[in-house]
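Please look over the sequence and the fold shown here before reading the notes that follow.

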Amino acid sequence: AERPAARGKMSIISSTKGMIFLETGHPIIQETLEAKLQNKRGEPFDITCSDFDDVRYRIVAHTDTPTTIHFQLAMPYLGDLSAYGASSVIDRIYGQYKDKPD
């Protein structure tokens, strides 16, 4: 049987079968973007955080373009997933937004 357990803003559903299902979204990224988008002054910032599976996120607004938010995502296993078409899916969905990382 599955039962939800609350931890902060993230709901975790534990299963007797040994799997953990995490709610989608990342609270640090969501809270950061909400706070920065509500701030109309356009101040530069640079925030880095990680997820449980070593996915690294970086959210940046540079000094020279403080009203533009850059979002970087690093997945150490993307090379493995590319063999199954992950890179082409990412390119299809996010291709117009892709840029070179800093």
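Predicted model: local features only at pLDDT ≥ 70, side-chain atom pairs only at ≥ 80, totals over all residues.

Residues are numbered from 1 along each chain as its sequence is written, and side-chain values use heavy atoms, with hydrogens and water left out.

**The chain**
- The protein chain has three helices and six strands, where helices (H or I, at least four residues) and strands (E, at least two) are DSSP runs numbered from the N terminus.
- Read from the N terminus, its elements follow the order β-β-β-α-β-β-β-α-α.
- Of the 102 residues in the protein chain, 15% are buried, meaning under 20% relative accessible area with a 1.4 Å probe, protein chains only.

**The sheet**
- An open sheet is formed by three strands in the order β4-β5-β6, with antiparallel pairing; two strands pair if DSSP finds at least two bridges between them.
- At the edges lie β4 (45-50) and β6 (70-74), each of which pairs on one side only.
- Strand β5 (residues 56-61) is joined to β4 by six bridges, and the bridge partner of aspartate 46 in β5 is valine 60.

**Threonine 32**
- Threonine 32 is found in helix α1 (residues 27-38) and is buried, with a relative accessible area of 12%.
- Not counting residues up to four places away in sequence, threonine 32 touches Ile47 and Ile59, where contact means heavy atoms within 4.5 Å.
- A polar atom of the threonine 32 side chain lies 2.7 Å from the backbone oxygen of isoleucine 28.

Definitions and conventions:
Buried < 20%, exposed > 50% of the residue type's maximum accessible area, 1.4 Å probe, protein only. Polar contact = N/O pair within 3.5 Å; in protein donor to acceptor, adjacent residues only side chain to side chain.
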